[in-house]
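I opened the model today to look up strands, core and rings. My notes follow, one topic at a time.

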Amino acid sequence: MGMLSDQRKQARKLRQARVRKSLRGTSARPRLSVFRSEKHIYVQVISDETGETLLTASTLAPAMRGRVQKTTDIAAAKIVGEVIGKSCIDKGITAAVFDRNGFLYHGRVRAVAEGAREAGLKI
């Protein structure tokens with residue numbers, strides 16, 4: 001078990017590096033980075049110019065507690081996307097670069113992007 005999960009982690013690290021090579025988050029158009037764990041989904045809005053995280057949202061956030069029944073499904077991921085999209089718009093961020101972070105653009109990762117788009121964020 002240990003070795004297999006190490007290989008999977010290494011493979012994701014390589015994919016992550018490949019994706020990051022071409023993505024730069026600026027203050028005007030920050031990087032929307034998604035992390036998908038087994039139980040939750042996390043999103044950060046990062047400006048690579050200053051190296052700081054501007055906004056975060058996840059299925060663990062107190063604001064999400066009442067809104068999602070299950071933290072592992074596509075519906076929850078979409079809500080997280082909508083929350084981060086609204087937060088960005090409130091902060092005056094209208095566009096972002098989507099960073100799938102080595103994960104396939106499918107399922108929960110895709111749902112986050114769609115939710116953010118629906119909230120009015122250009123990705």
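**Strand pairing.** I count two strands as paired if DSSP finds at least two bridges between them. Helices (H or I, at least four residues) and strands (E, at least two) are DSSP runs, numbered from the N terminus. This is a predicted model, so I keep in mind that local features need pLDDT of at least 70, side-chain atom pairs count only at pLDDT 80 or more, and totals for chains, interfaces and linings use all residues. Residues are numbered from 1 along each chain as its sequence is written, and side-chain values use heavy atoms, with hydrogens and water left out.

I started with strand S1 (residues 31-36). S1 runs antiparallel to S2, and six bridges join them. Leu32 has Val45 as its bridge partner in S2. Four residues make the hairpin link from S1 to S2.

Next I followed S2 on to strand S3 (residues 52-58). These two also pair antiparallel, over six bridges. Val45 finds its S3 bridge partner in Leu55. Four residues lie between S2 and S3 in their hairpin, and Gly51 in the turn has a positive phi of about 75°.

**Burial.** I use buried for under 20% relative accessible area, exposed for over 50%, and partly exposed in between (1.4 Å probe, protein chains only). Strand S2 (residues 41-47) is mostly covered, with five of its seven residues buried.

**Core.** Which residues touch the most other members of the largest nonpolar core? I found Leu32, Val45, Ile84, Phe98, Val112 and Leu121, out of 25 residues. Such a core is a set of buried Ala, Val, Leu, Ile, Met, Phe, Trp, Tyr and Cys residues joined through side-chain atoms within 4.5 Å. S1, S2, S3, helix H2 (74-90) and helix H3 (107-118) each give two or more residues to this core. H2 gives the most, with six residues.

I then checked Val112 for contacts (heavy atoms within 4.5 Å). Beyond its neighbours within four places in sequence, Val112 meets residues including Leu32, Val34, Ala77 and Phe98.

**Rings.** I pair rings of Phe, Tyr and Trp (its six-membered ring) if their centres lie within 6.5 Å; planes under 30 degrees apart are stacked, over 60 edge-to-face, the rest tilted. The structure holds three aromatic pairs. Phe35 and Phe103 sit edge-to-face, 5.8 Å centre to centre, with 65° between the planes. Phe35 lies in S1 and Phe103 in the loop between strand S4 (97-99) and H3, so this pair ties together parts 68 residues apart in sequence. Phe35 is partly exposed at 34%, while Phe103 is buried at 6%.
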